[in-house]
Amino acid sequence: MIQLDEIQKRLLMEVADLHKVPEGAYNIRSNSQAVGRNSTANIEIVSKENVSGIDIRIKPGTKHESVHIPVVMSQSGLKEVVYNDFFIGEDCDVVIVAGCGIDNCGNQDSEHDGIHRFFVGKGSKVKYVEKHYGSGTGSGKRILNPGTEVYMDEDSTMEMEMVQIKGVDDTERTTIAELKAGAKLVVRERLMTHGDQRAISTYDVRLNGEGSSADVVSRSVARDNSYQKFDAKLLGNAPCSGHTECDSIIMDKGRILAVPGLEANDVDAALVHEAAIGKIAGDQIIKLMTLGLTEQEAEEQIINGFLK
Amino acid sequence: MLELINVSFNVDDEGQDKEIIRGVSLKIPDDKLIVITGPNGGGKSTLARLIAGIEKPTEGRILLDGEDITDVSITDRAKKGIGFAFQQPVKFKGIQVLDLIRLATGKRLSAAAACEYLAAVGLCAKDYIDREVNASLSGGELKRIEIATVLAKASRLSVFDEPEAGIDLWSFNNLIQVFENMRKNISGSSILIISHQERILNIADEIIVLKDGELTAQGAKDEVLPTLMGTASALPGCVKSMPGKGDC
């Protein structure tokens with residue numbers, strides 16, 4: 001039976017939209033302890049033996065099933081590294097919901113570094129959703145450093161939605177992907193930083209197989225004194241197509257660095273990088289003001305839409 | 001009623017003071033559809049932007065129902081009942097048509113209720129309600145959505161800055177109906193349209209001509225329109241768009 005306090009429940013709702021125990025397979029980790037776990041006939045979750053973390057094994061042919069593995073931390077000063085490995089058999093169609101919420105009311109830093117590895121079987125389709133959220137009034141920082149590795153077999157598809165909108169003080173995200181023939185990777189990253197926050201996101205995507213493709217798009221907003229770096233590298237090692245895009249709004253004294261990185265090692269590799277950084281267009285604010293919104297309300301609506 | 005009293009607007013043009021609007025006084029009475037026309041560069045759009053509060057006059061006063069709104073912000077003018085349709089509709093990333101209509105009404109409108117505004121501007125609502133207001137929409141579609149937001153706002157005075165700009169002639173012919181319908185339901189409000197189009201001029205109660213920043217004519221449509229025909233101020237749209245094929 002899962003026992004969670006109100007703060008933990010609120011974090012769970014923020015990161016995984018969970019109001020109660022999810023259906024299907026799940027593993028809920030709270031303050032470094034597994035507080036609830038459920039395996040199903042097709043999805044098995046077991047603890048790792050030598051390090052902290054879990055193995056999630058999804059049987060070949062598993063369709064329309066989901067796995068939730070949220071992490072919540074409400075104890076100040078906790079620092080953990082967790083290794084989660086996903087073994088997805090051939091011909092699956094599954095949704096994986098991860099995410100981490102930290103509430104830090106103390107003066108010690110809280111840090112969760114989740115290292116996720118995905119082994120996606122031939123022809124499988126995976127949708128991965130990861131939300132990060134921080135809250136709490138303490139002076140201790142809320143730190144999240146996710147490391148993601150994706151190994152995609154032939155003709156597999158992985159769609160990753162990664163969201164960090166509020167309250168995480170420091171984040172370094174590293175995503176590595178290797179794609180075999182016909183594999184398709186789609187990444188949608190949404191990020192907002194405020195205060196003195198810092199967020200660094202690095203991608204290293206290797207298109208190794210013929211007909212593989214990657215589309216990595218980041219939309220972000222940097223407010224106050226925050227800093228963001230988006231460093232997206234695509235390697236085209238075969239006839240393939242790749243696209244990265246950084247579309248950002250800066251406000252106040254926010255700063256953003258977008259680093260394009262394209263390396264074509266095959267004459268039929270078609271790689272594109274786009275980056276646009278700027279403040280909110282003045283005519284967008286004026287349009288919403290002519291509808292009766294104040295300048296501040298107009299900015300909020302524009303940002304909400306941009307990050308939707 | 002909106003009243004402009006001796007309104008001027010100057011800009012700095014490479015160190016020189018350039019007069020865009022020169023001492024314009026006019027009245028937009030209730031229950032009337034007024035069209036401002038005149039040659040390009042004559043100051044029409046600037047005048048519309050001065051009324052919406054996007055620009056502030058260098059001199060003169062603007063009164064709405066007797067209240068001086070010259071120094072009132074765009075937001076507060078909108079709240080007092082001034083609506084404004086942009087000549088170049090603004091595009092957004094992520095904001096959907098439904099969002100924009102909801103913001104215009106100031107209510108959390110149901111999708112079905114929002115669809116009525118789209119239907120009123122001749123858009124098949126279900127195809128558009130979830131669309132983002134971005135460059136994936138054509139100029140004509142964006143224009144209709146822009147007009148739908150002004151309809152949804154239900155203003156005391158709705159200002160349309162060149163609704164014909166940027167859309168093809170055939171789309172515009174359909175848009176005329178939208179303005180004709182607005183004309184029928186004008187009671188308790190007024191409409192100001194900046195336009196060159198003869199068909200728009202034809203549904204006006206009054207026409208104002210603005211040239212080189214000055215008001216050169218103002219009066220009932222039947223008095224002013226005949227003096228404009230054949231001049232650069234008002235050519236039938238098809239003549240302008242399709243030289244040599246004037247009879248359409």
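Visitor: Leaving aside neighbours within four places in sequence, which residues is B:Val159 in contact with?

Guide: This is a predicted model, in which local features need pLDDT of at least 70 and side-chain atom pairs count only at pLDDT 80 or more, while totals for chains, interfaces and linings use all residues. Residues are numbered from 1 along each chain as its sequence is written, and chains are lettered from A and ligands numbered from 1 in the order in which they are written. Taking contact to be two C-beta atoms, placed from the backbone, within 7 Å, and setting aside neighbours within four places in sequence, the partners of B:Val159 are B:Ala48, B:Ile51, B:Ala52, B:Ile82, B:Gly83, B:Phe84, B:Ala85 and B:Leu192.

Visitor: Which element gives the most to the side of chain B that touches chain A?

Guide: The contact between the chains takes 19 residues from chain B and 16 residues from chain A. On the side of chain B, the elements giving two or more residues are helix H2 (74-80), helix H3 (97-105) and H6 of chain B. By class, that side has 11 nonpolar, 4 polar and 4 charged residues, with Ala, Val, Leu, Ile, Met, Phe, Trp, Tyr, Cys and Pro counted as nonpolar, Asp, Glu, Lys and Arg as charged, and the others, Gly among them, as polar. The most, 4 residues, is given by H2(B).

Visitor: How many residues of H3(B) are buried?

Guide: The buried residues of H3(B) include B:Val97, B:Leu98, B:Ile101 and B:Arg102. Their cover includes helix H2 (282-289) and helix H3 (295-306) of chain A, together with helix H4 (111-120), helix H5 (125-128) and H6 of chain B. H3(B) is thus described as mostly covered, the buried count being 8 of its 9 residues.

Visitor: What angle does the direction of helix H1 of chain B make with that of E2(B)?

Guide: In chain B, 4 strands form an open sheet with antiparallel pairing, in the order E2-E1-E4-E5, where pairing requires that DSSP finds at least two bridges between two strands. The edge strands, each pairing on one side only, are strand E2 (16-28) and strand E5 (67-68) of chain B. Helix H1 (residues 44-52) of chain B packs on this sheet, touching strand E1 (2-13), E2 and E4 of chain B. With axes as lines fitted to C-alpha atoms, for helices over the stretch in contact, and angles running from 0 to 180 degrees between N-to-C directions, the directions of H1(B) and E2(B) make about 70°.

Visitor: Which residue in the hairpin of E9(B) and E10(B) takes a positive phi?

Guide: Strand E9 (residues 206-211) and strand E10 (residues 214-220) of chain B run antiparallel and are joined by 6 bridges. Within this pairing, B:Ile208 has B:Gln218 as its bridge partner. The hairpin has 2 residues between the strands, and the positive phi, near 50°, belongs to B:Asp212.

Visitor: Is B:Glu162 buried or exposed?

Guide: B:Glu162 has a positive phi of about 45° although it is not a glycine, and it is found in the loop between strand E7 (157-161) and helix H7 (169-184) of chain B. Because 22 other C-beta atoms lie within 10 Å, B:Glu162 counts as buried.

Visitor: How does A:Asn31 count, with 14 C-beta neighbours inside 10 Å?

Guide: A:Asn31 likewise is not a glycine and has a positive phi of about 45°, in the loop between strand E1 (25-30) and strand E2 (33-38) of chain A. Because its C-beta neighbours inside 10 Å number 14, A:Asn31 counts as partly exposed.

Note on methods
Buried ≥ 20, exposed ≤ 12 C-beta atoms within 10 Å, placed from the backbone.
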